[in-house]
Amino acid sequence: MKCVCEGIDLSDAVLKVVKACSSKTTVPVLECIKLSAKNDTLSLSATDGEISIIKTIKAEIYEEGEICVPGKYFADFIKKLEGVQITLSLEGKRMDIGYADSQTNMQVLSADDFPRIDTQINENSFKLRTSDLKDFIHSTSFCCASDDSRPILKGCQFIINDGEICVTSLDGFRLATVKGKTVSATGNMELICPARTLSEIEKMIPDDGETEIFVQRGMILVESGNTVLTSRLYGGDFIKKENIIPKSFITTVTVEKDLLKASIERAAILVRSDKNSLIIFDITNDKIEISSASEIGAVQEPVKATVDGKDVKIAMNSKFIIDAVNALSEEKITLSFNNSIQPFVCQNEKDKNKLYLILPVRTGGSSN
């Protein structure tokens, strides 16, 4: 294999595909990027068994071939060579990297052991406005679980039904659900996509236009420009959000988002080293009194609000409520409660397509 390409093109491609390299594996080839030189293109591929990314760039090919290079080291090295032309050539069990008047070499592995990446995934599909897809991912993926105790909760559930889409995530302590419309779909479907996959999709797609997601045999495929991403989907039954979200509330509070956010963030500072970062809302007639206390000190601030219903006092994780408030977009938001031990809901005042549910933290006080 021997080829010549521009450093900026190679660096961009390497930095995209290296995200799919495995960082924890006993299979060395999964830590590699496969380089395939053919015709007038150089294709870079990486996979960790769950997610795969392929990126193709233009190159002058003098000798066709393919080889696997150590992904992280290759990426770190090539991103330092964006301003020069690069020559890649295979010499025995090493690859020579030529640039300007210099040359470096790296040990390589045979491409024969690299897993085959299936890109024939096209049985079903749905299409979304790209801006909507980015918003769905941004608005829900932060509520996915991060540990492996319940793998299915590490993904977002997509339900496509009669032109509408609902994306839901939860980690056992909070839930996010967002509704919208599809541009088109080959039929109704349900899938659970890993949050990590969605994060990479969000980065690779542009800010405008439309994005089509192909689904087949527990896999998805998304293509953008010369980049193709495939990923396994999670199998199993996702938790039914209808069984978790309360049907009615006894107290609804309307408050200015920025005032509430600023007060919560101040109260959170003194408890940020605590496990639950506990803050308390004491909701009465015309205000939310926000408080927190730790060995460092105590905060107590009133925030003006419109309260409809009974008084309620409730404790919560400050990070969870800050995340939910940040994900809402209107100047005023609503918080809906039943008592101090049941989950409560955060939404925009008018557009109810986004809903965030948070479990309170039980304290020694009595429930309302």
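Biologist: How many disulfides does the count come to in this structure?

Modeller: The count comes to 0 disulfides. This is a predicted model, and a disulfide here requires two cysteine sulfur atoms within 2.5 Å.

Biologist: How do you know that Cys 21 is in no disulfide?

Modeller: The nearest cysteine sulfur belongs to Cys 32 and is 7.3 Å away.

Biologist: Why is Cys 21 called buried?

Modeller: Its relative accessibility is 5%. Buried means under 20%, so Cys 21 counts as buried.

Biologist: What makes Cys 166 a cysteine in no disulfide?

Modeller: For Cys 166, the nearest cysteine sulfur is that of Cys 156, 11 Å away. A disulfide needs the sulfur atoms within 2.5 Å, therefore Cys 166 has no such bond.

Biologist: Is Cys 166 buried or exposed?

Modeller: Buried: the relative accessible area of Cys 166 is 10%, and the limit for the term is under 20%.

Biologist: Turning to the sheet, what is the order of its strands?

Modeller: The order is β5-β1-β7-β8-β9, an open sheet of 5 strands with antiparallel pairing.

Biologist: Why do β5 and β9 stand at the edges?

Modeller: β5 (60-63) and β9 (102-107) each have a single partner strand, so one side of each lacks a neighbour in the sheet. On average, neighbouring strands of this sheet are turned by 20° against each other, direction ignored.

Biologist: How do you know that β1 and β5 pair?

Modeller: Pairing needs at least two bridges. Strand β1 (residues 2-6) and β5 have 3 bridges in the antiparallel sense, so they pair. Lys 2 has Glu 63 in β5 as its bridge partner.

Biologist: Which helices pack on the sheet?

Modeller: Helix α1 (residues 7-17) touches β1 and β7 (85-91), and its direction makes about 95° with that of β1. Helix α2 (residues 71-78) touches β7, β8 (94-99) and β9. The direction of α2 makes about 10° with that of β8.

Biologist: In which strand is Pro 194 found, and what makes this residue buried?

Modeller: Pro 194 is in strand β15 (residues 189-194). Its relative accessible area is 1%, and the limit is under 20%, so Pro 194 is called buried.

Biologist: Which residues does Pro 194 touch, leaving out those up to four places away in sequence?

Modeller: Pro 194 touches Glu 50, Lys 154, Gly 155, Ser 231, Arg 232, Leu 233 and Tyr 234.

Technical notes
Residues numbered from 1 in each chain as written. Predicted model: local features only at pLDDT ≥ 70, side-chain atom pairs only at ≥ 80, totals over all residues. Heavy atoms only, no water. Helix = DSSP H or I, 4+ residues; strand = E, 2+ residues; numbered from the N terminus. Axes fitted to C-alpha atoms, helices over the stretch in contact; angles between N-to-C directions. Contact = heavy atoms within 4.5 Å. Buried < 20%, exposed > 50% of the residue type's maximum accessible area, 1.4 Å probe, protein only.
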